[in-house]
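Biologist: Hi, could you walk me through this model?

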Amino acid sequence: ALPICGTSASKTAGAAAPTLEECQAQCGAGCKAVEFHAAEGACWLLQEDPRHMRAAPGSECVRRLGANYTDVFVMLPLDVVSPSGGLSDTAGLQRMFDKVQGVGIDGFMVDVWWGLTEPAPKAYNFSAYRELFDLARFRGWQVQAVASFHQCGGNVGDTCNITLPGFVREHDDLWYKDRAGNENREYISLFADEVEVLGRTPVDMYRDWLSAFNTYFANDMGSLITEVMVGMGPAGELRYPSYPLSRWEFCGVGEFQVFDRHALASLRSAAEGTGQPEWGVPPSAGAVGGYNSEPSQTDFFTTGYATDYGKFFLDWYFSELQRHGQRVLSTARAALPDQVQIAGKVSGIHWWYDEPSHPAELTAGYYNTNSRNTYEELGQIFAEHRAKLDFTCLEMRNSEQPAECRSNPEALVAQVIGATKHSGIPFDGENALQRYDVWGFAQTEHYAEHMESFSFLRLHPDLLEPENLSRFQKFVSAMHGDTADGVAQHVLASLAPEFDVSAEAHSGGVAGQPPLPPARLL
(Lines give C-alpha, C1' and ligand atoms only; values in the text may rest on other atoms or scores of the structure.)
Protein backbone atom coordinates (compact mmCIF):
# COMPACT_ATOMS: atom_id res chain seq x y z
CA ALA A 1 0.00 0.00 0.00
CA LEU A 2 1.19 3.48 -0.78
CA PRO A 3 2.04 5.61 2.27
CA ILE A 4 -0.19 8.65 1.92
CA CYS A 5 0.52 11.83 3.89
CA GLY A 6 3.59 10.19 5.37
CA THR A 7 4.05 7.06 7.38
CA SER A 8 3.46 8.15 10.98
CA ALA A 9 0.15 10.02 10.80
CA SER A 10 -2.79 8.32 12.53
CA LYS A 11 -6.12 8.86 10.83
CA THR A 12 -9.84 8.35 11.30
CA ALA A 13 -12.61 8.24 8.73
CA GLY A 14 -14.61 11.42 8.29
CA ALA A 15 -17.96 11.80 6.59
CA ALA A 16 -18.12 11.23 2.85
CA ALA A 17 -17.14 14.36 0.95
CA PRO A 18 -17.60 15.04 -2.76
CA THR A 19 -14.86 17.70 -2.83
CA LEU A 20 -11.55 18.40 -1.15
CA GLU A 21 -12.99 21.63 0.27
CA GLU A 22 -15.81 19.79 2.01
CA CYS A 23 -13.31 17.29 3.37
CA GLN A 24 -11.16 20.13 4.72
CA ALA A 25 -14.21 21.68 6.40
CA GLN A 26 -14.37 18.60 8.66
CA CYS A 27 -10.85 19.24 9.96
CA GLY A 28 -11.54 20.88 13.31
CA ALA A 29 -10.04 20.66 16.78
CA GLY A 30 -7.35 18.01 17.04
CA CYS A 31 -7.20 17.54 13.28
CA LYS A 32 -3.87 18.36 11.63
CA ALA A 33 -4.57 17.44 8.00
CA VAL A 34 -6.90 15.59 5.65
CA GLU A 35 -6.39 12.84 3.13
CA PHE A 36 -8.98 12.99 0.34
CA HIS A 37 -9.72 10.29 -2.26
CA ALA A 38 -11.63 11.90 -5.10
CA ALA A 39 -12.94 8.75 -6.82
CA GLU A 40 -14.55 7.37 -3.64
CA GLY A 41 -15.36 10.72 -2.05
CA ALA A 42 -13.52 9.37 1.00
CA CYS A 43 -12.24 11.78 3.62
CA TRP A 44 -9.75 10.84 6.32
CA LEU A 45 -8.86 13.10 9.25
CA LEU A 46 -5.27 12.98 10.54
CA GLN A 47 -4.56 13.58 14.22
CA GLU A 48 -0.78 13.80 13.80
CA ASP A 49 1.07 16.33 11.72
CA PRO A 50 1.94 14.56 8.43
CA ARG A 51 5.61 15.27 7.91
CA HIS A 52 5.72 13.83 4.39
CA MET A 53 3.03 15.02 2.04
CA ARG A 54 3.10 12.27 -0.56
CA ALA A 55 -0.18 11.05 -1.96
CA ALA A 56 -1.20 8.19 -4.22
CA PRO A 57 -2.54 8.99 -7.70
CA GLY A 58 -6.14 10.16 -7.41
CA SER A 59 -5.81 11.39 -3.85
CA GLU A 60 -4.67 14.56 -2.12
CA CYS A 61 -3.07 15.36 1.20
CA VAL A 62 -3.59 18.85 2.63
CA ARG A 63 -2.67 20.29 6.01
CA ARG A 64 -5.24 22.22 7.97
CA LEU A 65 -5.48 25.81 6.81
CA GLY A 66 -2.73 27.85 8.42
CA ALA A 67 -0.68 24.81 9.42
CA ASN A 68 2.33 25.36 7.19
CA TYR A 69 5.08 22.80 7.69
CA THR A 70 8.14 22.58 5.47
CA ASP A 71 10.39 19.57 6.00
CA VAL A 72 14.01 20.50 6.75
CA PHE A 73 16.86 18.18 5.84
CA VAL A 74 20.59 18.71 6.24
CA MET A 75 23.00 17.72 3.50
CA LEU A 76 25.77 15.45 4.73
CA PRO A 77 29.44 16.03 3.91
CA LEU A 78 30.27 15.04 0.34
CA ASP A 79 32.90 12.58 1.57
CA VAL A 80 30.80 10.94 4.30
CA VAL A 81 31.52 7.66 2.48
CA SER A 82 35.22 7.19 1.79
CA PRO A 83 36.77 5.97 -1.49
CA SER A 84 37.52 2.67 0.28
CA GLY A 85 33.77 2.06 0.61
CA GLY A 86 33.17 2.66 4.33
CA LEU A 87 31.94 5.58 6.41
CA SER A 88 34.72 8.13 6.72
CA ASP A 89 34.31 8.86 10.44
CA THR A 90 31.43 7.04 12.09
CA ALA A 91 32.14 8.32 15.60
CA GLY A 92 32.52 11.93 14.42
CA LEU A 93 29.34 11.69 12.38
CA GLN A 94 27.45 10.30 15.38
CA ARG A 95 28.61 13.25 17.48
CA MET A 96 27.40 15.73 14.86
CA PHE A 97 24.08 13.89 14.58
CA ASP A 98 23.66 14.03 18.35
CA LYS A 99 24.13 17.81 18.33
CA VAL A 100 21.84 18.54 15.41
CA GLN A 101 19.06 16.16 16.47
CA GLY A 102 17.83 18.57 19.11
CA VAL A 103 17.20 21.19 16.45
CA GLY A 104 14.25 19.17 15.15
CA ILE A 105 15.34 18.40 11.59
CA ASP A 106 13.35 15.85 9.60
CA GLY A 107 16.31 13.94 8.19
CA PHE A 108 19.31 14.22 5.93
CA MET A 109 20.17 14.34 2.24
CA VAL A 110 23.20 12.41 1.04
CA ASP A 111 24.99 11.84 -2.27
CA VAL A 112 25.09 8.17 -3.22
CA TRP A 113 28.03 8.29 -5.61
CA TRP A 114 27.92 6.23 -8.78
CA GLY A 115 31.72 6.19 -8.80
CA LEU A 116 31.83 4.51 -5.37
CA THR A 117 28.90 2.11 -5.68
CA GLU A 118 29.48 0.51 -9.11
CA PRO A 119 33.21 -0.27 -9.28
CA ALA A 120 32.64 -2.72 -12.15
CA PRO A 121 29.74 -3.04 -14.61
CA LYS A 122 26.60 -4.21 -12.77
CA ALA A 123 28.60 -4.94 -9.59
CA TYR A 124 27.05 -2.76 -6.90
CA ASN A 125 28.11 -2.06 -3.32
CA PHE A 126 25.74 -0.02 -1.14
CA SER A 127 26.88 -1.44 2.21
CA ALA A 128 28.28 1.84 3.58
CA TYR A 129 25.00 3.56 2.79
CA ARG A 130 23.11 0.82 4.65
CA GLU A 131 25.16 1.64 7.74
CA LEU A 132 24.54 5.35 7.21
CA PHE A 133 20.80 4.99 6.67
CA ASP A 134 20.52 2.89 9.83
CA LEU A 135 21.81 5.91 11.76
CA ALA A 136 18.86 7.87 10.38
CA ARG A 137 16.44 5.07 11.29
CA PHE A 138 17.72 5.06 14.87
CA ARG A 139 16.89 8.78 15.20
CA GLY A 140 13.51 8.60 13.49
CA TRP A 141 14.77 10.63 10.53
CA GLN A 142 13.94 10.33 6.84
CA VAL A 143 16.51 10.09 4.04
CA GLN A 144 16.69 11.97 0.76
CA ALA A 145 19.10 9.95 -1.39
CA VAL A 146 20.78 11.62 -4.34
CA ALA A 147 21.59 9.35 -7.27
CA SER A 148 24.85 11.15 -8.03
CA PHE A 149 25.77 10.19 -11.56
CA HIS A 150 28.33 13.04 -11.67
CA GLN A 151 31.80 13.34 -10.23
CA CYS A 152 32.64 15.14 -7.01
CA GLY A 153 35.32 17.76 -7.62
CA GLY A 154 35.36 20.89 -9.76
CA ASN A 155 32.29 22.71 -8.44
CA VAL A 156 31.76 25.34 -5.75
CA GLY A 157 32.08 23.72 -2.33
CA ASP A 158 33.40 20.38 -3.59
CA THR A 159 35.66 18.92 -0.91
CA CYS A 160 36.38 15.52 -2.41
CA ASN A 161 37.57 13.84 -5.57
CA ILE A 162 35.20 11.04 -6.59
CA THR A 163 35.24 10.31 -10.30
CA LEU A 164 32.79 8.41 -12.45
CA PRO A 165 33.32 4.63 -12.60
CA GLY A 166 36.54 3.59 -14.29
CA PHE A 167 34.75 1.49 -16.90
CA VAL A 168 33.06 4.70 -18.05
CA ARG A 169 36.06 7.04 -17.83
CA GLU A 170 38.19 4.80 -20.05
CA HIS A 171 36.02 5.69 -23.05
CA ASP A 172 36.85 8.82 -25.04
CA ASP A 173 33.64 9.42 -26.96
CA LEU A 174 31.20 10.34 -24.20
CA TRP A 175 32.13 13.80 -23.00
CA TYR A 176 31.12 17.41 -23.46
CA LYS A 177 33.60 19.56 -25.37
CA ASP A 178 33.93 23.31 -25.58
CA ARG A 179 35.14 25.28 -28.58
CA ALA A 180 38.80 24.85 -27.63
CA GLY A 181 38.38 21.08 -27.48
CA ASN A 182 38.53 20.90 -23.68
CA GLU A 183 36.66 17.84 -22.43
CA ASN A 184 34.50 17.93 -19.32
CA ARG A 185 34.33 14.51 -17.64
CA GLU A 186 32.17 15.53 -14.72
CA TYR A 187 29.07 13.98 -16.30
CA ILE A 188 28.46 12.01 -19.49
CA SER A 189 27.36 14.28 -22.33
CA LEU A 190 23.61 14.18 -22.87
CA PHE A 191 24.40 13.87 -26.59
CA ALA A 192 25.83 10.43 -25.75
CA ASP A 193 22.71 9.19 -23.94
CA GLU A 194 22.15 6.53 -26.59
CA VAL A 195 25.78 5.61 -27.31
CA GLU A 196 26.59 2.05 -26.28
CA VAL A 197 29.47 1.40 -23.86
CA LEU A 198 30.18 -2.26 -23.13
CA GLY A 199 26.72 -3.19 -24.37
CA ARG A 200 24.80 -0.52 -22.42
CA THR A 201 23.93 3.11 -23.07
CA PRO A 202 24.40 5.67 -20.27
CA VAL A 203 20.62 5.73 -19.74
CA ASP A 204 20.70 1.92 -19.42
CA MET A 205 23.40 2.33 -16.77
CA TYR A 206 21.31 4.83 -14.83
CA ARG A 207 18.33 2.46 -14.99
CA ASP A 208 20.36 -0.53 -13.82
CA TRP A 209 21.86 1.44 -10.94
CA LEU A 210 18.48 2.75 -9.79
CA SER A 211 16.98 -0.74 -10.00
CA ALA A 212 19.87 -2.16 -7.95
CA PHE A 213 19.46 0.60 -5.35
CA ASN A 214 15.75 -0.13 -5.13
CA THR A 215 16.37 -3.85 -4.72
CA TYR A 216 19.01 -3.36 -2.02
CA PHE A 217 16.85 -0.99 0.02
CA ALA A 218 13.48 -2.52 -0.88
CA ASN A 219 12.25 -2.65 2.73
CA ASP A 220 13.02 1.04 3.29
CA MET A 221 11.65 2.60 0.12
CA GLY A 222 8.84 4.99 0.95
CA SER A 223 9.34 4.79 4.71
CA LEU A 224 12.97 5.50 5.61
CA ILE A 225 13.98 6.61 2.11
CA THR A 226 11.26 9.05 1.13
CA GLU A 227 12.88 10.68 -1.90
CA VAL A 228 15.45 9.91 -4.58
CA MET A 229 16.86 12.92 -6.37
CA VAL A 230 18.17 11.86 -9.77
CA GLY A 231 21.37 13.50 -11.03
CA MET A 232 21.00 14.79 -14.58
CA GLY A 233 24.13 16.86 -15.15
CA PRO A 234 27.13 18.52 -13.52
CA ALA A 235 26.71 19.02 -9.77
CA GLY A 236 23.65 16.78 -10.16
CA GLU A 237 21.78 19.61 -11.92
CA LEU A 238 19.83 19.42 -15.17
CA ARG A 239 22.12 21.71 -17.20
CA TYR A 240 25.21 21.86 -19.39
CA PRO A 241 28.68 22.34 -17.79
CA SER A 242 28.87 25.90 -19.10
CA TYR A 243 30.81 27.41 -16.21
CA PRO A 244 33.52 24.96 -15.02
CA LEU A 245 35.59 26.48 -12.23
CA SER A 246 38.81 25.51 -13.98
CA ARG A 247 38.07 27.99 -16.79
CA TRP A 248 35.33 30.31 -15.55
CA GLU A 249 35.11 33.11 -13.02
CA PHE A 250 32.01 34.80 -11.65
CA CYS A 251 30.23 36.47 -13.42
CA GLY A 252 31.23 35.42 -16.96
CA VAL A 253 28.53 34.36 -19.41
CA GLY A 254 29.96 30.86 -19.82
CA GLU A 255 30.25 28.87 -23.05
CA PHE A 256 27.97 26.63 -25.08
CA GLN A 257 29.01 22.96 -24.81
CA VAL A 258 28.32 21.72 -28.33
CA PHE A 259 31.61 20.61 -29.83
CA ASP A 260 31.70 16.85 -29.25
CA ARG A 261 30.94 14.90 -32.39
CA HIS A 262 27.51 13.74 -31.21
CA ALA A 263 26.42 17.30 -30.46
CA LEU A 264 27.64 18.60 -33.82
CA ALA A 265 25.86 15.79 -35.65
CA SER A 266 22.62 16.56 -33.80
CA LEU A 267 22.88 20.26 -34.64
CA ARG A 268 23.51 19.53 -38.33
CA SER A 269 20.53 17.19 -38.46
CA ALA A 270 18.25 19.76 -36.80
CA ALA A 271 19.34 22.48 -39.23
CA GLU A 272 18.75 20.27 -42.23
CA GLY A 273 15.33 19.42 -40.84
CA THR A 274 14.37 23.09 -40.90
CA GLY A 275 15.56 23.54 -44.48
CA GLN A 276 18.43 25.76 -43.31
CA PRO A 277 21.55 23.54 -43.49
CA GLU A 278 23.79 26.59 -43.09
CA TRP A 279 22.51 26.86 -39.50
CA GLY A 280 24.12 23.54 -38.64
CA VAL A 281 27.16 25.12 -36.96
CA PRO A 282 27.44 26.73 -33.51
CA PRO A 283 27.71 30.52 -33.14
CA SER A 284 31.20 31.77 -33.90
CA ALA A 285 33.76 32.60 -31.23
CA GLY A 286 33.62 36.22 -32.25
CA ALA A 287 29.88 36.28 -31.70
CA VAL A 288 29.61 34.60 -28.29
CA GLY A 289 32.94 35.45 -26.63
CA GLY A 290 34.45 33.17 -24.01
CA TYR A 291 33.76 31.83 -20.55
CA ASN A 292 34.51 35.14 -18.85
CA SER A 293 33.02 37.55 -21.36
CA GLU A 294 30.32 40.05 -20.46
CA PRO A 295 27.18 40.25 -22.61
CA SER A 296 28.06 43.73 -23.89
CA GLN A 297 31.30 42.34 -25.31
CA THR A 298 29.42 39.93 -27.60
CA ASP A 299 27.14 40.18 -30.60
CA PHE A 300 25.15 37.07 -29.82
CA PHE A 301 24.08 38.09 -26.32
CA THR A 302 23.18 41.62 -27.36
CA THR A 303 21.34 41.07 -30.65
CA GLY A 304 22.13 37.68 -32.18
CA TYR A 305 20.04 35.68 -29.73
CA ALA A 306 16.88 37.28 -31.16
CA THR A 307 17.63 36.56 -34.84
CA ASP A 308 16.08 33.63 -36.68
CA TYR A 309 19.34 31.70 -36.41
CA GLY A 310 19.72 32.62 -32.74
CA LYS A 311 16.21 31.39 -31.94
CA PHE A 312 16.81 28.16 -33.86
CA PHE A 313 20.10 27.44 -32.09
CA LEU A 314 18.79 28.23 -28.60
CA ASP A 315 15.66 26.15 -29.15
CA TRP A 316 17.73 23.17 -30.31
CA TYR A 317 20.16 23.49 -27.38
CA PHE A 318 17.34 23.67 -24.83
CA SER A 319 15.32 20.92 -26.54
CA GLU A 320 18.25 18.52 -26.23
CA LEU A 321 18.42 19.30 -22.51
CA GLN A 322 14.68 18.72 -22.20
CA ARG A 323 14.91 15.36 -23.97
CA HIS A 324 17.70 14.32 -21.62
CA GLY A 325 15.55 15.24 -18.63
CA GLN A 326 12.67 13.27 -20.13
CA ARG A 327 14.81 10.18 -20.62
CA VAL A 328 16.36 10.18 -17.16
CA LEU A 329 13.20 11.03 -15.22
CA SER A 330 11.24 8.43 -17.17
CA THR A 331 13.91 5.85 -16.36
CA ALA A 332 13.86 6.77 -12.68
CA ARG A 333 10.08 6.68 -12.41
CA ALA A 334 10.01 3.21 -14.01
CA ALA A 335 12.83 1.87 -11.80
CA LEU A 336 11.55 3.11 -8.45
CA PRO A 337 8.28 2.32 -6.65
CA ASP A 338 5.47 4.85 -6.59
CA GLN A 339 5.74 5.37 -2.83
CA VAL A 340 9.14 7.01 -3.33
CA GLN A 341 9.12 10.61 -4.50
CA ILE A 342 11.57 11.36 -7.30
CA ALA A 343 13.12 14.77 -7.81
CA GLY A 344 15.49 16.64 -10.06
CA LYS A 345 17.59 19.73 -9.47
CA VAL A 346 17.64 22.92 -11.55
CA SER A 347 20.50 25.36 -11.10
CA GLY A 348 20.00 28.88 -9.72
CA ILE A 349 21.88 30.89 -12.35
CA HIS A 350 21.11 34.36 -11.11
CA TRP A 351 23.92 36.38 -12.72
CA TRP A 352 22.90 38.35 -15.81
CA TYR A 353 19.25 37.54 -15.03
CA ASP A 354 18.36 41.21 -15.51
CA GLU A 355 20.05 41.26 -18.93
CA PRO A 356 17.40 40.87 -21.69
CA SER A 357 19.19 37.87 -23.22
CA HIS A 358 19.76 36.02 -19.89
CA PRO A 359 23.17 34.90 -21.27
CA ALA A 360 24.44 32.79 -18.35
CA GLU A 361 21.18 30.85 -18.32
CA LEU A 362 21.38 30.35 -22.09
CA THR A 363 24.84 28.76 -22.07
CA ALA A 364 23.67 26.41 -19.30
CA GLY A 365 20.74 25.37 -21.50
CA TYR A 366 17.94 27.43 -19.93
CA TYR A 367 16.09 29.24 -22.74
CA ASN A 368 14.65 32.09 -20.69
CA THR A 369 14.38 34.86 -23.28
CA ASN A 370 12.59 35.51 -26.59
CA SER A 371 9.26 35.12 -24.73
CA ARG A 372 10.20 31.64 -23.52
CA ASN A 373 9.78 30.56 -19.88
CA THR A 374 12.36 27.84 -19.48
CA TYR A 375 11.27 26.93 -15.96
CA GLU A 376 7.63 26.40 -16.90
CA GLU A 377 8.73 24.20 -19.80
CA LEU A 378 10.97 22.16 -17.51
CA GLY A 379 8.17 22.03 -14.94
CA GLN A 380 5.91 20.36 -17.47
CA ILE A 381 8.50 17.61 -17.97
CA PHE A 382 8.79 17.10 -14.21
CA ALA A 383 5.01 16.97 -13.91
CA GLU A 384 4.77 14.28 -16.57
CA HIS A 385 6.90 12.01 -14.38
CA ARG A 386 5.45 13.12 -11.03
CA ALA A 387 8.78 14.59 -9.98
CA LYS A 388 9.58 17.42 -7.60
CA LEU A 389 11.68 20.34 -8.80
CA ASP A 390 14.52 21.26 -6.47
CA PHE A 391 16.03 24.74 -6.85
CA THR A 392 19.09 26.45 -5.41
CA CYS A 393 20.08 29.95 -4.24
CA LEU A 394 17.11 30.54 -1.92
CA GLU A 395 19.35 32.28 0.63
CA MET A 396 20.60 34.91 -1.82
CA ARG A 397 19.48 38.54 -1.73
CA ASN A 398 19.75 41.10 -4.49
CA SER A 399 21.49 43.57 -2.20
CA GLU A 400 24.42 41.16 -1.78
CA GLN A 401 25.16 40.87 -5.50
CA PRO A 402 27.64 43.03 -7.45
CA ALA A 403 25.68 45.55 -9.50
CA GLU A 404 27.82 45.01 -12.60
CA CYS A 405 26.64 41.37 -12.85
CA ARG A 406 22.98 42.34 -13.34
CA SER A 407 22.01 39.61 -10.87
CA ASN A 408 18.52 39.10 -9.50
CA PRO A 409 18.23 35.91 -7.43
CA GLU A 410 14.99 37.02 -5.80
CA ALA A 411 13.16 37.45 -9.11
CA LEU A 412 14.65 34.19 -10.37
CA VAL A 413 13.38 32.22 -7.36
CA ALA A 414 9.95 33.84 -7.73
CA GLN A 415 9.84 32.85 -11.40
CA VAL A 416 10.67 29.24 -10.58
CA ILE A 417 8.10 29.08 -7.77
CA GLY A 418 5.51 30.41 -10.21
CA ALA A 419 6.55 27.81 -12.78
CA THR A 420 6.08 24.94 -10.31
CA LYS A 421 2.66 26.24 -9.33
CA HIS A 422 1.67 26.51 -12.99
CA SER A 423 2.91 22.97 -13.61
CA GLY A 424 1.28 21.56 -10.48
CA ILE A 425 4.47 20.09 -9.03
CA PRO A 426 6.05 20.40 -5.57
CA PHE A 427 8.83 22.94 -5.08
CA ASP A 428 11.87 22.06 -2.95
CA GLY A 429 14.75 24.37 -2.14
CA GLU A 430 18.39 24.56 -1.15
CA ASN A 431 20.90 27.23 -0.27
CA ALA A 432 23.66 27.51 -2.89
CA LEU A 433 26.46 28.57 -0.55
CA GLN A 434 27.46 27.35 2.90
CA ARG A 435 26.48 30.15 5.29
CA TYR A 436 24.99 30.55 8.74
CA ASP A 437 24.17 34.26 8.98
CA VAL A 438 20.76 35.62 9.97
CA TRP A 439 20.12 37.18 6.56
CA GLY A 440 20.54 33.94 4.67
CA PHE A 441 18.16 32.14 7.04
CA ALA A 442 15.67 34.99 7.01
CA GLN A 443 15.64 35.19 3.22
CA THR A 444 14.90 31.47 2.97
CA GLU A 445 12.09 31.63 5.56
CA HIS A 446 10.16 33.95 3.28
CA TYR A 447 9.79 31.18 0.71
CA ALA A 448 8.66 28.56 3.25
CA GLU A 449 4.97 28.60 2.36
CA HIS A 450 5.81 27.63 -1.22
CA MET A 451 8.14 24.74 -0.32
CA GLU A 452 7.45 21.13 0.52
CA SER A 453 10.98 20.60 1.83
CA PHE A 454 14.25 22.46 2.22
CA SER A 455 17.71 20.87 2.27
CA PHE A 456 20.30 22.90 4.16
CA LEU A 457 23.87 22.96 2.89
CA ARG A 458 25.45 21.53 4.97
CA LEU A 459 26.24 19.53 8.14
CA HIS A 460 29.64 20.88 9.18
CA PRO A 461 31.47 21.70 12.43
CA ASP A 462 30.80 25.39 11.75
CA LEU A 463 27.04 24.76 11.85
CA LEU A 464 27.43 23.24 15.31
CA GLU A 465 29.03 26.34 16.80
CA PRO A 466 26.61 27.51 19.52
CA GLU A 467 25.60 30.79 17.86
CA ASN A 468 25.12 29.20 14.44
CA LEU A 469 23.21 26.24 15.85
CA SER A 470 20.92 28.59 17.76
CA ARG A 471 20.11 30.48 14.56
CA PHE A 472 19.55 27.21 12.73
CA GLN A 473 17.15 25.98 15.43
CA LYS A 474 15.07 29.17 15.06
CA PHE A 475 15.13 28.69 11.30
CA VAL A 476 13.90 25.08 11.55
CA SER A 477 11.13 26.16 13.93
CA ALA A 478 9.96 28.78 11.46
CA MET A 479 10.05 26.32 8.56
CA HIS A 480 7.91 23.98 10.67
CA GLY A 481 5.29 26.68 11.05
CA ASP A 482 6.36 28.46 14.24
CA THR A 483 7.08 31.80 12.58
CA ALA A 484 6.97 33.70 15.88
CA ASP A 485 10.36 32.22 16.77
CA GLY A 486 11.85 32.37 13.29
CA VAL A 487 15.05 34.12 12.29
CA ALA A 488 13.13 36.60 10.12
CA GLN A 489 11.15 37.88 13.11
CA HIS A 490 14.32 38.35 15.13
CA VAL A 491 15.91 40.20 12.23
CA LEU A 492 12.96 42.53 11.87
CA ALA A 493 12.91 43.21 15.60
CA SER A 494 16.61 44.09 15.58
CA LEU A 495 16.37 46.70 12.83
CA ALA A 496 16.55 50.36 13.85
CA PRO A 497 13.10 52.02 14.05
CA GLU A 498 13.89 54.49 11.31
CA PHE A 499 14.41 51.69 8.79
CA ASP A 500 11.41 51.04 6.58
CA VAL A 501 11.37 47.27 6.05
CA SER A 502 8.31 47.13 3.83
CA ALA A 503 8.49 45.13 0.63
CA GLU A 504 7.60 48.24 -1.37
CA ALA A 505 10.51 50.18 0.06
CA HIS A 506 13.08 47.50 -0.59
CA SER A 507 11.95 45.50 -3.59
CA GLY A 508 15.17 46.43 -5.37
CA GLY A 509 17.55 46.45 -2.42
CA VAL A 510 18.91 49.46 -0.56
CA ALA A 511 22.61 49.96 0.10
CA GLY A 512 23.48 49.51 3.75
CA GLN A 513 20.08 48.12 4.63
CA PRO A 514 19.57 44.41 3.88
CA PRO A 515 15.97 44.02 2.66
CA LEU A 516 13.67 41.08 3.12
CA PRO A 517 11.30 40.05 0.33
CA PRO A 518 7.56 39.93 0.95
CA ALA A 519 6.41 36.69 2.55
CA ARG A 520 3.98 36.09 -0.32
CA LEU A 521 5.70 36.34 -3.66
CA LEU A 522 2.92 35.16 -5.92
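This is a predicted model: local features need pLDDT of at least 70, side-chain atom pairs count only at pLDDT 80 or more; totals for chains, interfaces and linings use all residues.

Biologist: Great. How many salt bridges are there?
Modeller: The count comes to 28, taking a salt bridge as a side-chain nitrogen of Lys or Arg within 4 Å of a carboxyl oxygen of Asp or Glu.

Biologist: What does Arg137 pair with?
Modeller: Its partner is Asp220, with the closest N and O atoms 2.9 Å apart. Arg137 lies in helix H4 and Asp220 in the loop between helix H6 and strand S10, so the pair ties together parts 83 residues apart in sequence. Helices (H or I, at least four residues) and strands (E, at least two) are DSSP runs, numbered from the N terminus.

Biologist: Is Asp220 buried or exposed?
Modeller: Asp220 counts as buried, at 4% relative accessibility. Buried means under 20% relative accessible area, exposed over 50%, and partly exposed in between (1.4 Å probe, protein chains only). Arg137 is partly exposed at 40%.

Biologist: Switching topic, what is the strand order in the open sheet of four strands?
Modeller: The order is S1-S3-S2-S4, with antiparallel pairing; two strands pair if DSSP finds at least two bridges between them. S1 and S4 are the edge strands, each pairing on one side only.

Biologist: And how many bridges join S2 to S3?
Modeller: Five. Among the residues involved, His37 has Ala42 in S3 as its bridge partner.

Methods
Residues are numbered from 1 along each chain as its sequence is written. Side-chain values use heavy atoms; hydrogens and water are left out.
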